[in-house]
Amino acid sequence: MIQKLEPHKEHLTTVAHWNTYRKENPQYDLPSAHTLIRHFGTWQNVKSNMGLVTPVTYTDIRQYNETELLGILKPHSSYLAHTRSQWDAYIGESEEILPTSASLITYFGTWNRLKEQLGLSTAPDHRPPLYSKEDIISIVKKYMPISLSPRKWENFRKQQDFDLPSAQTINKYLSKDEKEQLKK
């Protein structure tokens, strides 16, 4: 795979750029960014294997004291505020060479400790519920003839011109016994 990519490696800058280049040049039959990431693990690893960038490892960052490392990371706080995979996706797209989430966890002990040190919230990123239990009961009663098998429900709700809760949402609010009671 590396030999196939070698003549095109200057286009391995970002996932978006690579995918655009690949689509504009179908004659080369190049793998998608998704395929490359699956093969190499991360976008940064793709670039590293092509000799374009060297990933920042724990060995590289341990030379910094905590204050220095936090200073390097602070401008990127909005990307660190979420999940490890979002951070790794960001560094894969970034022109800067930044440490992977695994390296940061090794350094700080946990992802949440890193977030605490940067003054970021460690609370789960929950959205407010869209439905109350009463809403779910009302919807299930109204559309009961459709069936509550998850597959049938999902097919039905996708055909509607209005939003209905997913089968997963219904299961979150109603136990099996409650659903059986509603069928009677």
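Is Tyr79 buried, partly exposed or exposed? With a relative accessibility of 39%, Tyr79 counts as partly exposed, where buried means under 20% relative accessible area, exposed over 50% and partly exposed in between (1.4 Å probe, protein chains only). The model is predicted, so that local features need pLDDT of at least 70 and side-chain atom pairs count only at pLDDT 80 or more, while totals for chains, interfaces and linings use all residues. Residues are numbered from 1 along each chain as its sequence is written, and side-chain values use heavy atoms, with hydrogens and water left out.

**Aromatic pairs**

- Rings of Phe, Tyr and Trp (its six-membered ring) pair if their centres lie within 6.5 Å, and planes under 30 degrees apart count as stacked, over 60 as edge-to-face and the rest as tilted; by this rule the count comes to five aromatic pairs.
- Tyr79 and Tyr90 form a stacked pair, with 3.6 Å centre to centre and 10 degrees between the planes.
- This pair links distant parts of the chain, eleven residues apart, since Tyr79 lies in helix H7 (residues 77-80) and Tyr90 in helix H8 (residues 84-93); helices (H or I, at least four residues) and strands (E, at least two) are DSSP runs, numbered from the N terminus.
- Tyr90 has a relative accessible area of 18% and is therefore buried, and Tyr79, Trp87 and Tyr90 form one aromatic cluster.

- The buried residues of H8 are Trp87, Tyr90, Ile91 and Gly92, and they pack against helix H4 (43-49), helix H6 (66-73), H7, H9 and helix H10 (111-117), contact meaning heavy atoms within 4.5 Å.
- A nonpolar core is a set of buried Ala, Val, Leu, Ile, Met, Phe, Trp, Tyr and Cys residues joined through side-chain atoms within 4.5 Å; the largest has 18 residues, and those with the most contacts inside it are Leu73, Leu80, Trp87, Leu104, Phe108 and Leu114.
- The elements giving two or more residues to this core are H6, H8, H9 and H10, and H9 gives the most, with four residues.
- Leaving out residues up to four places away in sequence, Leu73 touches Leu80, Trp87, Pro99, Leu104, Phe108, Leu114 and Leu118.
- A second, separate core of 14 residues includes Val140, Ala167, Ile170 and Leu182.

**Ser103 in helix H9**

- Ser103 lies in helix H9 (residues 101-108) and, at 6% relative accessibility, counts as buried.
- The side chain of Ser103 makes a polar contact with the side chain of Thr100 (3.0 Å), a polar contact being a pair of N or O atoms within 3.5 Å; within protein, one must be able to donate a hydrogen and the other to accept it, and residues adjacent in sequence count only if both atoms are side-chain atoms.

**Asp29 and the helices on either side**

- Asp29 is placed in the loop between helix H2 (15-24) and helix H3 (33-40), and at 55% relative accessibility Asp29 counts as exposed.
- Phi of Asp29 is near 50 degrees, a positive value in a residue other than glycine.
- The C-alpha atoms of Asp29 and Lys4, 25 residues apart along the chain, are separated by 9.2 Å.
- Val15, Trp18 and Asn19 in H2 meet Ala33, Leu36 and Ile37 in H3.
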